[in-house]
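Q: I am new to this structure and would like to learn how to read it. Could you take me through a few features, giving the general idea before each case?

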Amino acid sequence: MPAESHNALVVEVDALSVLSLVAHQSGVALVRQVRVTTGAVGLGASDLRIWLDPWTAAPWSRAIGPLGPFETCVIDDISPPVELERLLALHERVQGRLCWALFGADGQAFAEGSAPLALLAPIEWPGLSPLPELLAGFVLPNDPGLQPVLGSVASRLAAAGADPSLEGYQKGEKRRVLELVQALYETLQAIGITYISPPASFEKQGQKVRLPGTVLTDSFGTCLDLSTLVASALEQIGLHPVVALVRGH
């Protein structure tokens, strides 16, 4: 967020430009740091407040100062409250704002600013920015839609004369792990899921992710949908999947 100044006072707010449910539930800081730097005058006792417009019932606040001339105060542990039920109710991306203000002892704001903040629907992955690893939040091994798939995997193993148990690495054999993965692959292949293209620039702007149960019900999925589906099933079987993002995919 660009710095805002008032009579040589500079306030810098380092924050994300998107807020998503998966980031919130993963404990990712929306506001990473605030730096307040004084000029020749210094700063008396003041109150920093940060809130989401229109998504905060009450602002986060922190008392700072007094600060001497050309002194910097750095604040790292910032967690503006989020109305979670409103975030859960979103169906489409909504544009909001992240706002802040510095109040003096008289209750008057003498420095303030804001920046655009995109609020994402719960099933939307924000893309490579800010944190590509948030994609792991869409790997859902406990999705109820996976249960028929797991049953089919066990049946396929038994039909091949193998142990139908879905025991992950317990046997400690590479051959057994490959056996489990092959049975899952063949099961998903037999379902006949049809590929569908993602929206343009999905890797930068993000996209909505079809959860495993939705992919299995609708029989449609993008590469991202299918990758998280397979990873979810592998994790439920007891294996440790890795989802790799490559350029353009």
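Predicted model: local features only at pLDDT ≥ 70, side-chain atom pairs only at ≥ 80, totals over all residues.

Q: At what angle do H3 and H4 pack?
A: Helices (H or I, at least four residues) and strands (E, at least two) are DSSP runs numbered from the N terminus, and their axes are lines fitted to C-alpha atoms, for helices over the stretch in contact, with angles from 0 to 180 degrees between N-to-C directions. Helix H3 (residues 147-159) and helix H4 (residues 174-191) pack at about 120 degrees, with axes 9 Å apart. That makes H3 oblique to H4, since angles under 35 degrees count as roughly parallel, over 145 as roughly antiparallel, 65 to 115 as roughly perpendicular and the rest as oblique.

Q: How do H4 and H7 pack, and which residues meet?
A: The axes of H4 and H7 lie 11 Å apart at an angle of about 140 degrees, and the two helices are therefore oblique to each other. In contact (heavy atoms within 4.5 Å), Leu180, Val181, Leu184 and Leu188 of H4 meet Leu229, Val230, Ala233, Leu234 and Ile237 of H7. These residues divide into nine nonpolar, no polar and no charged, where Ala, Val, Leu, Ile, Met, Phe, Trp, Tyr, Cys and Pro count as nonpolar, Asp, Glu, Lys and Arg as charged, and the others, Gly among them, as polar.

Q: Which residues line the largest pocket?
A: On a 1 Å grid over the protein atoms alone, a pocket is an open set of points where a 1.4 Å probe fits, with protein on both sides within 12 Å along at least five of seven lines, and lining residues have an atom within 4 Å of a point. Here the lining includes Val181, Tyr185, Gln189, Leu226 and Val230, and H4 and helix H7 (223-237) are the elements that give two or more residues to it.

Q: Where is Pro66, and what joins Gly65 to Pro66?
A: Most residues other than glycine have a negative phi, and most peptide bonds are trans. Here a cis peptide bond, with omega about 0 degrees, joins Gly65 and Pro66, and Pro66 sits in the loop between strand S6 (60-64) and strand S7 (72-75). Phe70 is also found in the loop between S6 and S7, and its phi is near 55 degrees, a positive value in a residue other than glycine.

Note on methods. Residues numbered from 1 in each chain as written. Heavy atoms only, no water.
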